[in-house]
Amino acid sequence: MPALHRTSTILDHQEFVKAVYGLSNDRYFTTPDMLTQMQRFVMRGLKGIRQGDKKKATLNLVVAMSWFMSLMNQLHIDLTAATFKRFPNLCSYCGSRPCACKKQKVKKRKRVVAKNGRKPKTIAEFQRMFSNIYPPESRTLEQSGIHLGEEMGELTEVVAIYRGSRKTKDFEKISQEAADFISCLFGVFNSWKVNASLELSTLFSRNCHVCKKAPCECDFRFITNFKS
Ligand SMILES: [Zn+2]
Ligand SMILES: [Zn+2]
């Protein structure tokens, strides 16, 4: 029975959505469709931030995170590797921990080289790593939300570019933007002290969180109208 736990890894989350939603994803959703679903739930999450509704924001962002995993599966991206390559315990832009972009007025992206720091294993460890790189005290919740919106746009852009060119160099940008997206998602969770792995393991304690089946048997119209 597919389930997520407090100690689940990002790969576990990818495997979980494959087992539960792989069938309906393959049949119903193209890559642009998948992005649309992701965007819907990210935006609903941002609405939760605007309204100060933490429960609404959390649920929608956890659902958005799961659509994101489905997108990563469809594109065969190992999100753990992509994330640690971009953020090896350091800010991907200034190469420091904590990030010193503002303090140093960094104008150009530095080449960030992975040192011997420990690679996070679980989702919880990744969340902690991002909290260490980007301490939540350095920004407001709203700023984190806006940044997440920006990264959603950038991910959409690079996917569209790749779909136009089908070139490897453009595909690599998807991995980079995917890492930026998840860093901002953890950024919002950290700003609002949401424990992502706890929320994921509560929502996905057994199969699909709605129909409770694996594979999910939710109807297409129901999925595309699902309000949370
Ligand atoms: Zn930085
Ligand atoms: Zn279902």
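A crossing of two helices is left-handed if the near helix is turned anticlockwise from the far one by less than a right angle. That is how α7 passes α8 here: the crossing is left-handed. The model is predicted. Its protein chain holds 10 helices and 0 strands.

**Overall build**

- From the N terminus on, the order of elements is α-α-α-α-α-α-α-α-α-α.
- The radius of gyration is 17 Å, close to the 17 Å that the globule rule gives for 228 residues, so the protein chain is as compact as a globular protein of that length.
- The C-alpha trace spans about 50 × 40 × 35 Å along its principal axes.
- Buried residues make up 37% of the 228 in the protein chain.
- Take the contacts with a separation of 6 or more: 72% of them link residues 24 or more positions apart.

**Helix pair α7 and α8**

- Two packed helices are described by the angle between their axes and the distance between the axes.
- Helix α7 covers residues 141-165, and helix α8 covers residues 168-191.
- The two pack at an angle of about 165°, and their axes are 8 Å apart.
- Angles over 145 degrees count as roughly antiparallel, and α7 is therefore roughly antiparallel to α8.
- The contact of α7 with α8 has 15 nonpolar residues, plus 6 polar and 6 charged ones.

**Helix pair α6 and α8**

- Helix α6 runs over residues 123-133.
- The axes of α6 and α8 come within 9 Å and cross at roughly 85°.
- An angle of 65 to 115 degrees counts as roughly perpendicular, so that is the relation between α6 and α8.
- On the α6 side, the residues that meet α8 are F126, Q127, F130 and S131.
- On the α8 side, their partners are S183, F186, G187, F189 and N190.
- By class, the contact of α6 with α8 divides into 4 nonpolar and 5 polar residues, with no charged ones.

**Cis peptide bonds**

- R97 and P98 are joined by a cis peptide bond, with omega about -5°.
- P98 sits in the loop between α4 (79-86) and α5 (101-104).
- A cis peptide bond also joins A214 and P215, and omega there is about -5°.
- P215 belongs to the loop between α9 (196-203) and α10 (220-225).

- H76 is a residue other than glycine, yet its phi is positive, near 55°.
- The loop between α3 (54-74) and α4 contains H76.
- H76 counts as exposed because it has 7 C-beta neighbours inside 10 Å, where 12 or fewer is the cut-off.
- K193 is not a glycine either, and its phi is positive at about 50°.
- K193 lies in the loop between α8 and α9.
- With 10 other C-beta atoms within 10 Å, K193 is exposed too.

**Points to check in the viewer**

- For the α7 and α8 pair, look for the left-handed crossing and the axis distance of 8 Å.
- For the α6 and α8 pair, look along α6 at F126 and F130, which are among the residues that meet α8.

Key
Residues are numbered from 1 along each chain as its sequence is written. Chains are lettered from A and ligands numbered from 1 in the order in which they are written. This is a predicted model: local features need pLDDT of at least 70, side-chain atom pairs count only at pLDDT 80 or more; totals for chains, interfaces and linings use all residues. Helices (H or I, at least four residues) and strands (E, at least two) are DSSP runs, numbered from the N terminus. The radius of gyration is taken over C-alpha atoms; the globule rule is 2.2 Å times the number of residues to the power 0.38. A residue is buried if 20 or more other C-beta atoms lie within 10 Å of its own, exposed if 12 or fewer, and partly exposed in between; C-beta atoms are placed from the backbone. Two residues are in contact if their C-beta atoms, placed from the backbone, lie within 7 Å. Axes are lines fitted to C-alpha atoms, for helices over the stretch in contact, and angles run from 0 to 180 degrees between N-to-C directions. Angles under 35 degrees count as roughly parallel, over 145 as roughly antiparallel, 65 to 115 as roughly perpendicular and the rest as oblique. Ala, Val, Leu, Ile, Met, Phe, Trp, Tyr, Cys and Pro count as nonpolar, Asp, Glu, Lys and Arg as charged, and the others, Gly among them, as polar.
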